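These are my notebook entries on two ligand sites. I set down what I looked up, entry by entry.

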Amino acid sequence: MSERTTERKWWQRAVVYQIYPRSFQDSNGDGIGDIPGIIQRLDYVKELGIDAIWLSPVYRSPQDDNGYDISDYQDIDPMFGTLSDMERLICEAKARGIRIIMDLVLNHTSDEHRWFLEAKKSRDNPYHDYYVWRDGEEGAPPNDMKAAFGGSAWEWVPELGQYYFHQFSVKQPDLNWENEKVRREIYDMILWWMEKGVGGFRLDVIDQIAKEPDLGITANGPRLHEFIREMSRETFRKGDLITVGEAWGADPERAKLYSAPDGSEFSMVFQFEHIGLDQQEGKEKWDLAPLSLVRLKQVLAKWQEELCGCGWNSLFWDNHDLPRIVSRWGDDGAYRVRSAKMLAAVLHGMQGTPYIYQGEELGMTNVRFADISQYRDIETLGLYRERMAAGYDREDVMASIYARSRDNARTPMQWDDGENAGFTEKEPWIGVNPNYREINAAAQMADPDSVFRFYQRLVALRKEYPVFVDGRFELLFPEDEKIFAYTRTSGRTRLLVLANFSKENASCALPEEWRDAQVLVHNCTADLDPATGKTWRDGALRPYEAVIALR
Ligand code: GLC
Ligand code: CA
């Protein structure tokens, strides 16, 4: 099938912006971001040129895991506003050509969800079988499976003489997808949101719904794709939606099923193979290792090539669970602006649907709170407790947290250089990154060379030149340890993305054909490096220099 003649879906040409509502904009002075706050900032998001907003959960929730523990799928948490605020958001976004993507957490509910409150009343309650229970004795759980946020994955309920299964916190009991009634309830709920006019869904840890705890299976259970196809047939396929599954366990073969062009499952998935490259093999994300650029290129190129024509990629560096990319693989010191732009160019030049996480478009950085009491994330606090108890050095534990804590991405959005960065008038729920006086949206809107303006340009280029959507990917210089370069080809149109991923000068034998190519975007003001008398056209790149050129 020729890439050029394939008909594209709207979401294949789209760019998505992720909002973490709690940290975006507070409108009522309680220190917590909310839906009216998002509405106030829609014009800012619109200015970036994006097509859709993925909203992290705003449903009613006890907030044990910041809303990923839902107690009512069909209501909004009062902390974030009301259902009519949500309807207004959908409507106001639509008026600006922006669709709203809801976050669906279907692997588990909150333990305060009506279904679970019923389920634990008795073994013969009609809701009992909505969750995953095993008989047992106190102190002797069915097996030694661990929960993602620490401790056993089994929680004892003495009244029932049974354990329930939870892959995340004890307040997030796993739903039993084997039960058809559970699936029906979920589909009805999804259809209800579709009727409200939402534009799509992101599906939280979707590869974990078909668990088989007796076999120790969490991800990629035997009935996974059967469940997803049924859900898709009963819900998503009735509309023209974007759907993206979060799938930590996906390899390209599975991703081809998830994102099959016949639409039988999802539009695409988030895969995380590149995200795990800077941790020690076989260890946890907290066990840091340096990134090999050669490996990163191999992995990303593999996904580009494998899914081309038979699936679809999502493209992302950041989300609410990951550290800030400029701190992680760029340089958040002297080269912050240039390296943030370089990372953006490398990502947005690829084939797939790009996702921008709030603040990434400003080059926001990781945070270093001095004391653990300043952290809020359940995972971070669990890690600290476990490692301190296990006798790790406090310094080492804090170093892991500084590099990897999810709170790095959750500090308030930096709007301006006023108090609390313009996020709230009162005490924010988590500290503002002290660098907000230098890094903020107001300053960047006023500066044509800002990271914001660079992202805006990349989004616009994707709309202007179909080669960004259609072009076939080819990696250049795979063995080079500093340069990340590739071409995209669609018919006679070709793009070059050429980037120096290091803080030193770098050079390569750039093919002649690019000598007189037209520059679409470049993160250095002049082509010529006065220090060397050379330009990227000679294959000479300054630290973190990046260019996208067309011929
Ligand atoms: C996903 C979410 C994360 C949450 C977890 C449990 O990974 O992105 O924030 O803690 O699922 O719902
Ligand atoms: Ca608020």
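I looked up Asp-34 and found that this residue counts as buried because its relative accessibility is 2%. Asn-28, in contrast, counts as exposed because its relative accessibility is 52%. I took buried as under 20% relative accessible area, exposed as over 50% and partly exposed as in between, with a 1.4 Å probe and protein chains only.

I noted that the model is predicted, with pLDDT of at least 70 needed for local features and 80 or more for side-chain atom pairs, while totals for chains, interfaces and linings use all residues. Residues are numbered from 1 along each chain as written, chains are lettered from A and ligands numbered from 1 in written order, and side-chain values use heavy atoms without hydrogens or water.

I then turned to the calcium ion (ligand 2). Its donors are Asp-26 (OD), Asn-28 (OD1), Asp-30 (OD), Ile-32 (O) and Asp-34 (OD), at 2.2 to 2.4 Å. Donors are N, O and S atoms within 2.8 Å of the metal (3.2 Å for Na, K and Ca); water is not among the atoms, so sites may look incomplete. I recorded the donor spacing in sequence as D-x1-N-x1-D-x1-I-x1-D.

Next I examined ligand 1. Polar side-chain atoms lie 2.5 Å from a ligand oxygen atom for Asp-321, 2.9 Å for Glu-246 and 3.0 Å for His-108. I counted as polar contacts pairs of N or O atoms within 3.5 Å.

Methods. Polar contact = N/O pair within 3.5 Å; in protein donor to acceptor, adjacent residues only side chain to side chain.
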